[in-house]
Amino acid sequence: MSPLDYPVSTIDAPLHVRGKFFCAGEEVTFLKMVTFGPFPAGAFPDEGICQLRAIRDDLGANAIRVYEIPTLLFMHECARYGLRVFITLPWSQHVDFTKETHVLAEADQLLLKTINRFRGHPALGGYFIANEIETTLVRWMGKRQVLEQLERLIDLGHANDPGALFAYANYPSTEYLLPRNQDFAAFNLYLEDRENLADYLGRLQNFSGDKPLLISEFGVDSGAHGEALQAEMLNWHVEEACRAGAAGTTVFAWSDLWQRGGQTIEDYSFGLVRRDHSAKPALEKLNAKWSPLRRGSDELPLETAPSMSVIVCTYQGSATLVECLDSLCNLEYPDLELLLVNDGSDKRVSELTASYEQIREIAIPHSGLSAARNIGAKAARGDVFVYTDDDCIVERDWLRWIAHQFAASESIGCAGGPNIPPPPKNSKSAVIAAAPGGPTHVLLTDSKAEHLPGCNLAVRREAFEKVGGFNPVFRTAGDDVDFCWRVMESGYDLAFHAAAFVWHHRRFTYRTYFRQQLGYGKAEAMLMPLHSDRFKGLGGAVWEGQVYTTRSPLGSFVYHGQYGYEPFQLIYPDGNLGMSEVCLHVIWWFIIVGLLIGAVFTPACLPVACLMTFGSVFVAWKRAWRVRIDAAFDYGRSRLKVAGLILLQGLLRSGSRVMLGWKDAKWSRGLEVVTTATWRKVASGWWKLGSEKAFWSENGVGRDELLAAIREDSPAAAVDESGKTDLILSRSFLWNLALISATEYHEDKRRLTRVRLLARPRAVFRISALMVAVLAPVLLILGFSLKTEAIILMVGVPLFISSWQWLLRSRLSSLNRAAKRIGLKPV
């Protein structure tokens, strides 16, 4: 868009992301959005422009969401009324677009055309590159394949409009679809129970990571609940969204006038205004709630706010101290004091602190981090001690979110939130920020923690005094872990809130990063004798909760439910030590070195060492590929460096832990963990053979009817309780024969149902195949002649696969009878 075409606008600054919130300029902005359209033809001759003033004045909204590409005139009018527009890209996402590649090409062209039209427009809020891809279709195409295409579209958007915001409008049935490159997380929610909504928002906040969470749809049908209850439910949904720290919410919808797929919807009444444009009670109720609302923290009551003492402990940390102290002086809280403990009485730190009247300095001889924190607590006057580090930057509302947690229960001894690396200024900072090993929280539930890092840790005075403060034996690291465990053992809970975040600089050089990891390994060795039940062997601490990182949890899986219809298809993380952790451990590398030395005398050791080395490199690269790197520095070389840091971090941290903690390690428990991890990896699902067929219907017949017909024809078929497939058609000792299906919904009642038969090897077959694959090269190197066995394998394996493919095709043809009986036609 040419600057000459810019309209008159009352929007001061473009929207951008800062941590967990949206900002316009320097101010946090809570998005108060309403969906607008699509309307039946002729409902509004002027594209609905006549409704914009009412949306701003009568509703108090500051943004709208549209589902069709608007005109420039419409965008100009939105700018004039101060309404930001979030555009949902309308493309054919209801089909298997991994096969129908022309659909993706059309989506690309539509995205580029839309970006070129609105690039730089003041009313542009952002883009939703897709909306609620149907759950069974996602399962059919595969989570990874769908994510790749969503991320590709977002990359395309960023490349052509770097200043715009892009996201995927998700929903609970596919909560696992979280593009790593989206600018914010968005979810369409229709939860009609207040407590359930509050709980689920906490879950979504944690899945959103360090990005804002936006409710992209929330609606209440006044036809089903009545207009008065609709108003009440929409009102408390805003309160819960704010208290959960969401960056905004979207009410569905502005009007009861609504169409979908070209058909006018008459059965639902989600609008704030009726079909005759008269207002419902919800409009006035929302206006009263939204008009004074600027930030989500405005909804946090502070009538019983405890007095707080913010304590910063620094040891020669003048390089980052100014940013930290500036942010502390900008805190908005009614009762606080600011303390700085100058560990080592550094002269430069004293000079900097002296320029801040609000901050009281306590200079001490160099005593270590734990001792400095204890001295700060002894000098503090507040009811709550709030710790952060000298390389942290806090947000203005930070203490309000901390107080909000303590107000929930007297049983809460500690509270905190995430620590997020600030935007990197160079590629080195971006790589280190993406590398593992940084301080992170561990959660037992979405609001209850098992560990809170010391850079963002608040503790009640009585809890602090009950456990005796921090253990001074920990001088640089490990003190917060030991402290949190002792607080929990004393009967207190640890609370967590995603909005109570701080910005925390990661290390600035590779050398200091490696030194940090060595220090963490040393701290873990020191923790072993104090908390022996928390460790297994020479691995890291074993947590009851989930460690949150910038990548997907190890071993996580999704329960899809029967036929893939589970409404909330939750991600279930596996907290056990994964095989990938074993491959990065220093003992793994000792074994590799030993095998390489042994290969001088026994050549059979060489392929095993090479295989183990490849496994470590593969794990590192796989992790590096999935981490989030700042878009400005996200290129292949950066990910290669992250992979290198992953390898070295695992080696250094575990090496330091082994060197200092081998005497206190429980080796038998460590062997048990490694054995379990190896077995789980070997027994997990591998490759599978498959064959597909498609059926067409003009009368609305889809997969439900087809699956029922197949079960009638095959009494032995059983529902797959895992939800990975629809039916298990037959079971054998070595293989299972399963069926998965999906239906594409086209205009009117036309349906295309796709069916895939899968031959899945069972654990016995997989283990046998793995043993053959590992032993065969070893036996060859040792001089055994395997010519006969090789011929058998060369002939037998293709014959085996061909016979299974023939069986699959024959079973597919038998599906024609069931399909024909219910009126489906083969495609």
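Axes here are lines fitted to C-alpha atoms, for helices over the stretch in contact, and angles run from 0 to 180 degrees between N-to-C directions. I am working on a predicted model.

**Entry 1: H20 against H21**

I looked up the packing of helix H20 (residues 605-626) and H21 first. Their axes lie 8 Å apart, at an angle of about 130°.

Next I listed the contacts. On the H20 side I found Ser616, Val617, Ala620, Trp621, Arg623, Ala624, Trp625 and Arg626. On the H21 side they meet Arg639, Leu640, Val642, Ala643, Ile646 and Leu647.

What does arginine 657 meet in a salt bridge? I found the side chain of glutamate 524, at 2.4 Å from N to O. Arginine 657 sits in helix H21 (residues 636-661) and glutamate 524 in helix H17 (residues 510-530), so this pair ties together parts 133 residues apart in sequence. I checked burial too. Both arginine 657 and glutamate 524 are buried.

**Entry 2: other salt bridges**

I counted the salt bridges: the structure holds 46. I followed up some of them.

Aspartate 108 forms one with arginine 152, and the closest N and O atoms are 2.9 Å apart. Aspartate 108 belongs to helix H3 (residues 101-118) and arginine 152 to helix H5 (residues 143-160), so parts 44 residues apart in sequence are tied together. Buried or partly exposed, for aspartate 108? I get 16% relative accessibility, so aspartate 108 counts as buried, the limit being under 20%. Arginine 152 is partly exposed, at a relative accessible area of 29%.

Glutamate 240 and arginine 194 make another salt bridge, at 2.7 Å from N to O. This pair links distant parts of the chain, 46 residues apart. I placed glutamate 240 in helix H8 (residues 227-243) and arginine 194 in helix H6 (residues 194-208). Glutamate 240 is buried, with a relative accessible area of 12%. Arginine 194 counts as partly exposed, at 28% relative accessibility.

I also looked for salt bridges that share residues. Glu27, Arg295, Glu332, Arg396 and Asp397 are linked in a network.

**Entry 3: the barrel**

I traced the strands next. Eight of them form a closed barrel with parallel pairing, in the order E4-E5-E6-E7-E8-E9-E10-E11. Neighbouring strands of this sheet are turned by 25° against each other on average, direction ignored.

I then zoomed in on one pairing. Strand E10 (residues 213-218) and strand E11 (residues 248-251) run parallel and are joined by three bridges. Which residue in E11 is the bridge partner of phenylalanine 218? I read off valine 251.

H3 came up again here. H3 lies across strand E6 (84-88), strand E7 (124-131) and strand E8 (166-170). I note its direction: H3 runs at about 175° to E7.

**Entry 4: glycine 723**

Last, I went to a loop. Glycine 723 lies between strand E30 (718-719) and strand E31 (727-731). Its relative accessibility is 0%, so glycine 723 counts as buried. I also took a C-alpha distance to arginine 139. Glycine 723 and arginine 139 are 584 residues apart along the chain, and their C-alpha atoms are separated by 9.6 Å.

Methods:
Residues are numbered from 1 along each chain as its sequence is written. This is a predicted model: local features need pLDDT of at least 70, side-chain atom pairs count only at pLDDT 80 or more; totals for chains, interfaces and linings use all residues. Side-chain values use heavy atoms; hydrogens and water are left out. A salt bridge is a side-chain nitrogen of Lys or Arg within 4 Å of a carboxyl oxygen of Asp or Glu. Helices (H or I, at least four residues) and strands (E, at least two) are DSSP runs, numbered from the N terminus. Buried means under 20% relative accessible area, exposed over 50%, partly exposed in between (1.4 Å probe, protein chains only). Two strands pair if DSSP finds at least two bridges between them. Contact means heavy atoms within 4.5 Å.
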